[in-house]
Amino acid sequence: MTRTTAGCAGRGVISLAETVAEVQRVSSLLAHLFSLEGASDRTYDEALFTTFNVDLGFFEARVLGMARAAGAAVTVLADASVYSPDARSLKGAGASYHVGLAAARAAFHPKVTVLVGPERVLAAVGSGNLTTGGWLSNDETLTVALGSARDGVPAIVTDIAAWL
C-alpha cells in the first residue's frame with residue numbers, strides 16, 4: 001500500500017496500490033492531476049467528478065484543463081438542490097464538459113472522482129466538495145486508489161465501480 005499524506009496537519013491523501021512502496025507528500029488530488037499534464041500519452045478516456053456542492057468557475061480554472069489534457073471526456077455530477085452556478089464564471093459547461101444534476105429524496109453527497117483509461121484508473125473518495133475550499137483550503141480527507149492493467153486494481157476501485 002502506498003500512502004501519501006498532505007503537507008499540513010489535518011489534511012491527507014492516501015494512494016493505495018498492491019504493496020507498501022513509498023511515501024510522498026502532496027497537497028490535494030490536484031497534485032495527481034497536475035502530474036498528468038506533462039504526459040505524452042492520453043492516459044484517460046473518461047473522468048467523473050461527483051460532489052454535493054460545486055463551484056464550476058473553480059473547476060474550469062483549476063481542474064478541467066488537467067483532466068482534458070489527460071485525454072478524458074469530463075462529467076461533473078452535483079446535487080440539484082444546492083446547484084447555483086455563477087453564470088459569469090462558466091465558459092465550458094455543456095461544451096468542454098457535461099454537468100449533471102442529481103435530484104434525490106435526500107442530499108446527493110458523494111465526493112468521488114474516477115478517471116478511467118484503457119491501461120490505468122484513478123479513483124478517489126473524500127470529504128471535499130468540488131470547490132476551492134474542498135480541494136485547496138479546507139481540512140478534508142481523501143483516499144486515492146491507483147490501478148493499472150499491468151499492476152492490478154485495488155479492491156476499492158471495484159467497489160466504486162459497483163456503486164456507479
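**Reading the model, feature by feature**

Author: At 73% relative accessibility, Arg150 counts as exposed, since the cut-off for exposed is over 50%. This is a predicted model, and the values below are computed from it.

Reader: With which residue does the side chain of Arg150 meet in a salt bridge?

Author: The partner is Asp151, with 2.9 Å from N to O. Asp151 has a relative accessibility of 45% and therefore counts as partly exposed.

Reader: How many salt bridges does the structure hold?

Author: The structure holds two. Besides the bridge of Arg150 and Asp151, there is a salt bridge between Asp86 and Arg88, whose closest N and O atoms are 3.0 Å apart. Asp86 is partly exposed, its relative accessible area being 35%, whereas Arg88, at 71% relative accessibility, counts as exposed.

Reader: Let us turn to the overall layout. How many helices and strands does the protein chain have?

Author: The secondary structure comprises four helices and nine strands. Along the sequence they follow the pattern β-β-β-α-β-α-β-β-β-β-α-β-α. The protein chain has 164 residues, of which 41% count as buried. When contacts between residues at least 6 apart in sequence are considered, 62% of them join residues at least 24 apart.

Reader: In which sense does β4 pair with β7, parallel or antiparallel?

Author: That pairing is antiparallel and extends over four bridges. Leu48 has Val114 in β7 as its bridge partner.

Reader: How does one read a nonpolar core?

Author: In soluble globular proteins, nonpolar side chains tend to be buried together. Here the largest nonpolar core has 27 residues, and the members that touch the most others are Phe49, Phe59, Val63, Val74, Val76, Leu130 and Trp135. At least two residues of this core come from each of α1 (29-37), β4 (46-51), α2 (56-69), β5 (73-79), β8 (120-126) and β9 (141-148). The element that gives the most is α2, with seven residues.

Reader: Which residues is Val63 in contact with, leaving aside its neighbours within four places in sequence?

Author: Val63 is in contact with Leu30, Leu33, Phe49, Phe58, Leu130 and Trp135. There is also a second, separate core of seven residues, which includes Val112, Val114, Val121 and Val157.

Reader: How is a pair of aromatic rings described?

Author: A pair of aromatic rings is described by the distance of the centres and the angle of the planes. In this model the count comes to four aromatic pairs. One of them, Phe49 with Phe59, is edge-to-face, at 5.3 Å centre to centre and 70° between the planes. This pair links distant parts of the chain, with Phe49 in strand β4 and Phe59 in helix α2, ten residues apart. Both Phe49 and Phe59 are buried.

Reader: What are the distance and the angle for the pair of Phe49 and Trp135?

Author: That pair is tilted, with 6.2 Å centre to centre and 50° between the planes. Phe49 lies in strand β4 and Trp135 in helix α3 (residues 132-137), so the pair ties together parts that are 86 residues apart in sequence.

Reader: Why do Phe49 and Trp135 count as buried?

Author: The cut-off for buried is under 20% relative accessible area. Phe49 counts as buried because its relative accessibility is 1%, and Trp135 because its relative accessible area is 10%. Ring pairs link Phe49, Phe58, Phe59, Tyr97 and Trp135 into a cluster.

How values were computed:
Residues are numbered from 1 along each chain as its sequence is written. This is a predicted model: local features need pLDDT of at least 70, side-chain atom pairs count only at pLDDT 80 or more; totals for chains, interfaces and linings use all residues. Side-chain values use heavy atoms; hydrogens and water are left out. A nonpolar core is a set of buried Ala, Val, Leu, Ile, Met, Phe, Trp, Tyr and Cys residues joined through side-chain atoms within 4.5 Å. Buried means under 20% relative accessible area, exposed over 50%, partly exposed in between (1.4 Å probe, protein chains only). Contact means heavy atoms within 4.5 Å. Rings of Phe, Tyr and Trp (its six-membered ring) pair if their centres lie within 6.5 Å; planes under 30 degrees apart count as stacked, over 60 as edge-to-face and the rest as tilted. A salt bridge is a side-chain nitrogen of Lys or Arg within 4 Å of a carboxyl oxygen of Asp or Glu. Two strands pair if DSSP finds at least two bridges between them.
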